[in-house]
Amino acid sequence: MNLPALADLLASRGLRLLPGSYAVPVELLVQLPDATIVQFTARGTTLRLRSYSPDALTAITIPAECGCGDHHPQTGPSRVMLSRYAVPLDERTIDGELEFGWHHHEAGLLHLADATTHFLTLLETLRTRDLVGVA
């Protein structure tokens, strides 16, 4: 699986894969149907899903190498990312050491397809709690 295939899979579920997502090591930025942003990371022995308000996203413009305008445009490409001041609304984790016996950096070695399974599991627990909390 690659990021375009993942984007298609998520779109079929009403989710939008955002720029700033990476396959190695896995880091996903996803917009939910209610515009909430979730960030999934696989690092060390931990799989983590954090949710953020829609205004937590920001865009930065990467400056050109020389910026003179003769060889390159004055400004470079934009990159979408979470604001450095964004505070998570909620967080779900899977402790790989407890669940799978991981000891070092196995989460960071996960292939995108395997990590996606964990992402969807954590997302379901996030949604289930939200639904229960409303009732």
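Strands are taken here as DSSP runs of at least two residues, numbered from the N terminus, and in this predicted model Pro19 lies in the loop that links β1 (16-17) to β2 (22-23).

Beyond its neighbours within four places in sequence, Pro19 is in contact with Leu29 and Val80, and its C-alpha atom is separated by 7.8 Å from that of Met81, a residue 62 positions away along the chain.

In soluble globular proteins, nonpolar side chains tend to be buried together. The largest nonpolar core here has 24 residues, of which Leu28, Val30, Phe40, Leu47 and Phe119 touch the most other members. At least two residues of this core come from each of α1, β3, β4 (37-43), β5 and α3, and α3 gives the most, with seven. A second, separate core holds six residues, including Leu18, Leu29, Ile37 and Leu82. Leaving out residues up to four places away in sequence, Val30 touches Leu10, Leu15, Leu17, Leu18, Ile37 and Phe119, among others.

His118, in helix α3 (residues 112-134), counts as buried because its relative accessibility of 17% is under the 20% limit. Among the residues that His118 touches, again without those up to four places away in sequence, are Phe40, Leu47 and Ile94.

**Strands β5 and β8**

Strand β5 (residues 46-52) pairs with β8 in the antiparallel sense over six bridges, and within this pairing Leu49 has Arg92 of β8 as its bridge partner.

**Side-chain polar contacts**

Glu27 belongs to strand β3 (residues 26-31), and its side chain makes a polar contact with that of Arg43. Not counting residues up to four places away in sequence, Glu27 also touches Gly20, Ser21, Tyr22, Gln39, Phe40 and Thr41. At the start of helix α1 (residues 3-12), a side-chain oxygen of Asn2 reaches towards the backbone nitrogen of Ala5, and just after α1, Gly14 takes a positive phi of about 80°. The two distances are set out below.

| From | To | Distance |
|---|---|---|
| Glu27 side chain | Arg43 side chain | 2.9 Å |
| Asn2 side-chain oxygen | Ala5 backbone nitrogen | within 2.9 Å |

Notes
Residues are numbered from 1 along each chain as its sequence is written. This is a predicted model: local features need pLDDT of at least 70, side-chain atom pairs count only at pLDDT 80 or more; totals for chains, interfaces and linings use all residues. Side-chain values use heavy atoms; hydrogens and water are left out. Helices (H or I, at least four residues) and strands (E, at least two) are DSSP runs, numbered from the N terminus. Contact means heavy atoms within 4.5 Å. A polar contact is a pair of N or O atoms within 3.5 Å; within protein, one must be able to donate a hydrogen and the other to accept it, and residues adjacent in sequence count only if both atoms are side-chain atoms. Buried means under 20% relative accessible area, exposed over 50%, partly exposed in between (1.4 Å probe, protein chains only). Two strands pair if DSSP finds at least two bridges between them. A nonpolar core is a set of buried Ala, Val, Leu, Ile, Met, Phe, Trp, Tyr and Cys residues joined through side-chain atoms within 4.5 Å.
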